[in-house]
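Please look through the structure shown below, one part at a time. The text that follows starts with one chain and then turns to the other.

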Amino acid sequence: MNNNPLLHLLETPAGDPIAAINSTVSQLSQIILGKEIQIRLAMACLLARGHLLIEDLPGMGKTTLAHALAHCLGLTYNRVQFTSDILPADIIGVSVFDRNNSSFHFHKGPIFAQLVLADEVNRATPKAQSALLEAMEEQQVTADGHTYPLSSPFFVIATQNPTYQIGTYPLPESQLDRFLMRLQLGYPDAAHERQLLSGRDRRDLLSEMPVTLLPAQLLILQNRVPKVHVSTALLDYLQAIVSYTRTSNKFVAGLSPRAGLALLRAAQAWALMQGHTGVLPEDLQAVLTPVIGHRLVPAEDAALNKPAEIGAHVLQSVAVQ
Amino acid sequence: MPAGIAMLRVQAWPESARSLGMLSLMLLMALLPHVAHLPVWIPLCVTGAMVWRLWIEVHAAALPNKWLRSIMALLALIAVLVNFRSLNGLEAGTALLSMMAGMKLLESRQLRDYSILIFIALFLLFAELLYEQSMILLPYLLLSTTFIVTCLLHLHDGGSQISFGASLMRSTRMLLQALPLAALLFLLVPRLPGQFWVLPSHGAATTGLNDEMSPGDVADLSLSSEVAFRVEFQGTPPPKSQRYWRAVVLHDFDGRTWRRHRSELLTPQKIITSQQTYRYRMLMEPSNEPWIPVLDIPLQTSLRRSMLTSDLQLLARQPVTQLIAVDVLAATEYQFGVSLDETMRRLDTQLAGSLNPRSRELALQMRAASNDDSVYVNTVLNLFRQQEFFYTLQPPALGAHTVDDFLFNTRRGFCEHYASAFTFMMRAAGIPARVVTGYQGGELNEVNNYLVVRQSDAHAWAEVWLADRGWVRVDPTAAIAPQRIEQGLESAGTYNEALTGHMLSRSHWLYQMRQNWDAVNTFWKARIVNFDSDDQRSVMSLLGFSNPDWRTLGWALLISFISFFAAMMLWLGWKYRPRQRDPVVEAYATLKRKLSRAGIDALPHEGPVDYLSRAALAKPALAGELRELCDLYITLRYTPDARPHLLNRLRQLVRQLPA
Amino acid sequence: MSLSSTLQQRIGNWARRRHGVDTSPVTITNRRIYILPTRLGLMYAVAVIAMGVGGMNYGNNLALMLSFLLAALGFVAMHHTHRNLAGLRIHALANEPVFAGQQLHIQLAIENPSLQLRLGLQAVINNSEDPAHSQSVMVNGDTPTTLQLPLTSQRRGWLQIDRLTISTRYPFGLFRGWTVLHLPIRCLVYPRPSERSNTPPPTQFDSRHTQDMHRGDEEFAGLRSFHPGDSPRRIAWKAYAREQGLMVKQYAGTSISTCMFDWDALAGLDTELRLSRLCRWVLDSHQQGIAYGLKLPGFNAAPALREAHRSRCLQALALFQGSA
């Protein structure tokens, strides 16, 4: 499971990190067919140091995406299957009494990995959920008075199954905006489905693929994201969007300042991936739906149900500045 | 004592107290010029009310109740009534208005009360203008108006809580905007000839001419350098020695006091004048008296509702309470009243009682020694010239026989003494004579060629009736030898130019400044304060309307209203225009317009890359340009690499793009 | 005042016919601004005319000048009053639903596209004379200013605002300029929840999803503030003793159960009373974390426990038209 990243360090070309991102994306596209946009968005989310929530039916490739991402980026990877009886300790770790030293020893939980897949978070109790969310927020874990920093980079991909409502604890709306983006993978189109059916097993394919971006490079890129130039014109556009959601009666409540900041970061990451020196309105538009789709609650009579509809509505209601 | 300290810390006042403080200041400003002509208790009462009201507000005390307020209002009313014996008239009205302001302040709690205070302040300003229209008042007037208007604005800002300074800026700007229309209204609103009602005149007499002359009394000659009137001659003015401005003719003498005759003398007199006439325009300051000084013989005057008496006094129907302008045609060489009727002769030779016996005796002796009347006149003048008579503005008081005392004892006096004594000597010898008071000389201002006649130019002289020559002017004061003028004129604080010459040399900067100041003042008086229908007509004819009537003025008013309306709309429309866009956006907008004309409309939410890529697909011929335009626009607008030459290139490309 | 308000009513009706119903955001154009002098303005006019007549009578040019200046100032003020309104954009914001009898706030945003500060703007709903129903604001050129107009509705259903008046008396209070907007502002008013009764909501049954049944281990999860109706057994007296206020202990593993609230179960009660009772149950269940469903004639919501579900149920109650 644990690929040594050092092994690949020598093999990776130390060239343009943006080219590296692009090759990562194309490599991933071979694993998860026909989902290049979602892969790019997931990469942008990673670059912006955000966390990702994937909400979709089982079997759509959520787990594959997370696994492939970890593989291609050479990140340590842990998967946590959330169930109704999972306890916070099962996620963050537990202190065990060591008889040899007669002292407590902290056993790190699965959260101590660079990429953590939290599968079906809505099946866990709010308490277990909040343990995860807290760790995501603070980038550290506190147990028995000791603080343990999480790995860096640290990227959580949580998945949520939208079909079961009863007997589950869907993430509260107020907690949803801890995730920078929410994606839906959706069904593949016919051609890609055919390719999937006729091709090799994806897992075998994955194990043959090289690491395309080193964690060190990823960290450099993550540091470059906030430095991508944001013009006043773009800030005007962003503010117009935020202000529209606040003034429109299509939504119960508008975007919070935190949401505005998230939108900016995501757009900066997207612009970086596109190789732009400044954020363009198109960069902002590209990340708009995944960033605001789960942060806006449409009004009862707004006739906006899917996140894509929300995104499109906001996009079309605000003129580019 | 802490109570007093709390009052002094204005910074810590509650908002309502600050509003009240502002209003109090405004009332004080409006009241200040009135302090000169109101009894002192009124400003004191109003100030007291202000302090009381502010104390109440700062300490959140209760307002005086209704009963107390009613009693105070009644007391104020009674006090004004007792002081002025009337509620009618400018002074009483002003006093009442001021007291009302104080009363109103004591019950003011809300915006409506405050508004009334503002109206009171405006009316106080207005009342001050009825008293005085001097130029020095103008800046004060503008200042107070601005302050009052600022208060109005500050109180009605709709709870926006903008600072007083901001209110001041805004109201000043609005006043400046109102100024052109105000000026147009001033020029174009037709003026009424005369008044249709009159407030009872103010009691306090100004330093002008009296209609009495008592040279024997303790002299309080307080002639100031205040301007009596200004004259603009058409052509050369008469020489200084000829500039005798006749105002009042005194006929009746009781041995001590010279008075006007009780009834107006209206018998027409025959006047023969030479060709030597002077046409001039006189701007007369308000004197509160009906007589108008004129240069010798007025042949024509433009003054409506006036009359010329047979002893040639020009009398207005009503006292002059406003600055007036009179056009006069006057003659200085004349023969007048050659045939003296018996009533007149008796009037001007009467000497009451048996006062001044020594003078009578002297007169009879001297007349007997003279061949005829004119020789006698010279003999009497020689008496003043050769004997030890002195000119002084501080003469000793005279006894019961004023003329005797003057001629034989004191021998010190000014024009009144000499005119009185000379006229007495004439009458004692049976020659008709009378005292004329008025002004002599006047100073020609070289800046604007106006002749300024001041109160200090007031003078008294005599007129003697000589057979064949009629009434002849004799100025006995002029007979005094100049070296016999006693020192002390300056110390008396007066300025008698006719006798002392210029105290300031003509090159002195103070003199020059005074001349300039007076020129400005004259302009102010002549063009602004006395702007009338004639001036209106000349302004209109300057604009090309010859002989405009009311209808023309009405049209002009309407047109200026409409133009002002339009100008205001345009100006404010520009001021309130939507925010300006930067040149990059402007260029992009032009680009979008051009492409839209070619059938490629931009969606509002479409970013530049999307739009221009779409356009490039639709117009493959322009793809290269569109790609460059897209790069340029993105670089300029969204990246840190914006350079001026890129903007120029963007503009150039947009310009070159086929429309 | 009554004459002027009648006049305003007339003008308002006429304006509605003239301009039709607006859509948000609406821009206040020149042709929909009306200006009349206020009472103060009339007083001012009388004072200025009196001064003018006085000045004219005395031929006192300075006094005339003062009155002309003041007259011109009034004229200028009229323009400023007009400009203070012109060009503003009014956005009708979404309104939070409220319960009948609660105070709601109609939310508006006023946007000023120019650089000039707009002062003393006043917004009034439905020509209300009550000063509490209006609000004064100033709007600068940078960001839209939001304002909230309080209103109380006793009736459930849609509360429709048919008339919004934006007016100003700036600069001197001599003129009042106003515009009447017919923005589609509405606010959903839920039924007034009935008093908490001791009778628990009926039809409480365990979830079919038995996989979660064993979670009733009642693990202490935290405290939340006390709401009337909470069981006194759950009050955290220790916290109360520490003067942290009245708190209620919450248990993470409280057993999952599901309620079904049925209109027909309340047969015999008045319609509004039934709705109030149902409303109360929905609220309580949501608060206590019990999944619930709602059955009304013509409406059926499967049991769920989400914000949107709550809203859907409450909206159904608010807009319920009758059992027919």
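Chain A contains 14 helices and 9 strands. This is a predicted model. Of the 321 residues in chain A, 54% are buried. Among contacts in chain A with a separation of 6 or more, 77% are between residues 24 or more positions apart.

One such link can be followed at the level of side chains. A:Arg258 and A:Asp177 form a salt bridge, with their closest N and O atoms 3.1 Å apart. A:Arg258 belongs to helix 12 (residues 257–274) of chain A, while A:Asp177 sits in the loop between helix 7 (173–176) and strand 9 (181–183), so the pair ties together parts that are 81 residues apart in sequence. A:Arg258 has 41% relative accessibility and therefore counts as partly exposed. A:Asp177, at 16%, is buried.

Chain A also touches chain B. The contact involves 18 residues from chain A and 13 residues from chain B. About 1,200 Å² is buried between the two chains, and carbon and sulfur atoms give 60% of this area. On the chain A side, A:His229, A:Leu280 and A:Glu282 lose the most area to chain B, together 35% of what that side buries. Across this interface there are 0 salt bridges.

Within chain B, B:Glu463 and B:Arg434 meet in a salt bridge at 3.0 Å, N to O. The pair links distant parts of the chain, with B:Glu463 in strand 20 (residues 458–466) and B:Arg434 in strand 17 (residues 433–440), 29 residues apart. B:Glu463 is buried, with a relative accessible area of 3%, and B:Arg434 is buried with 0%. Salt bridges with shared partners join these two residues, B:Arg246, B:Asp348 and B:Arg427 into one network.

Helix 21 of chain B (residues 644–656) has 13 residues, which at 1.5 Å a residue should span 18 Å; the end C-alpha atoms are 18 Å apart, so the two values agree. Which residues of helix 21 of chain B are buried? They are B:Leu646, B:Leu647, B:Leu650, B:Leu653 and B:Val654.

Confidence is the last point. Chain B averages a pLDDT of 81, and 88% of the residues score at least 70. Over residues 487–503 of chain B, pLDDT stays under 50. Where pLDDT is low, the predicted coordinates should not be read in detail.

Methods: Residues numbered from 1 in each chain as written. Chains lettered and ligands numbered in written order. Predicted model: local features only at pLDDT ≥ 70, side-chain atom pairs only at ≥ 80, totals over all residues. Heavy atoms only, no water. Helix = DSSP H or I, 4+ residues; strand = E, 2+ residues; numbered from the N terminus. Expected span 1.5 Å × (residues − 1). Buried < 20%, exposed > 50% of the residue type's maximum accessible area, 1.4 Å probe, protein only. pLDDT = per-residue confidence, 0-100. Contact = heavy atoms within 4.5 Å. Buried area = accessible area lost by both parts, 1.4 Å probe. Salt bridge = Lys/Arg side-chain N within 4 Å of Asp/Glu carboxyl O.
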